[in-house]
Amino acid sequence: MANITICNFKGGVGKSLIAHQLITSFGYKGVEIDPYGSLAQRLPQHVEKIDIDAKVVPEVDNAIFDFGGFDDIKLDLAIQRSNLVIIPFIPTLESVQGTVDTLNKVKLFDKPILMVANMVQKPADVEDARFVFTDVLQSDVEIFSIPLSIALQTAINENRSIIELANQGGIRAYAYKKASKIIDELNSLIHLYTV
């Protein structure tokens, strides 16, 4: 396993949702660098919260750096220590415009970038975003799509892994299987970037 930075200067795009599911489902350590985030409160045994005034990030292995919507030296350090940068976004005009600023920053580090379209309702919107991101990077960009899902939000609200919920059996398990499969596919794609 490897270190992964999850970032976007735009808020509300699913950074912590993705971090929560990767940490609870696949055993990553968490490093929360978000003064408004609640990941460390939700998962205190698995997530270390870094103070906004800190100038360093911990040297850890097999970690998810969950970065809030701002840019400072800690983002640079997290990206430098990471094997992959995940940039979640919602495929709307507002989110894509905000995501371009993040993409312009991250591309300077020459690290693999995986874009994650979150709360997707129309696949055509993802393709529109791909056009913009390809133009910014001047190369093809891989986008993993997560459809709009009540199941993932429920897993966060219950502070559990979606995979755990899908494996519990009964009618509730049926409701979580699709979202569980998506998170498992995301983790498999991450492994292609980090092995």
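Student: Which residue is the bridge partner of G30 in β4?
Tutor: I64 is the partner of G30 in β4. Strands here are DSSP runs of E, at least two residues, and helices are runs of H or I, at least four, numbered from the N terminus. This is a predicted model, where local features need pLDDT of at least 70, side-chain atom pairs count only at pLDDT 80 or more, and totals for chains, interfaces and linings use all residues. Residues are numbered from 1 along each chain as its sequence is written, and side-chain values use heavy atoms, with hydrogens and water left out.

Student: How many bridges join β2 and β4?
Tutor: Strand β2 (residues 29–33) pairs with β4 in the parallel sense over 5 bridges; pairing takes at least two DSSP bridges. Strand β1 (residues 4–6) also runs parallel to β4, joined by 3 bridges, and T5 sits opposite F65.

Student: OK, is β4 buried or exposed?
Tutor: Mostly covered: 5 of the 5 residues in β4 (63–67) are buried, meaning under 20% relative accessible area with a 1.4 Å probe, protein chains only. A63, F65 and F67 point one way, I64 and D66 the other.

Student: Switching to α3, why is that helix largely enclosed?
Tutor: Because 6 of the 8 residues of α3 (residues 73–80) are buried. Those buried residues, K74 and L75 among them, pack against β1, β2, β4, β5 (84–89) and α4 (93–106).

Student: And what does I86 touch?
Tutor: Leaving aside neighbours within four places in sequence, I86 is in contact (heavy atoms within 4.5 Å) with residues including L22, L114 and I190.

Conventions:
Buried means under 20% relative accessible area, exposed over 50%, partly exposed in between (1.4 Å probe, protein chains only).
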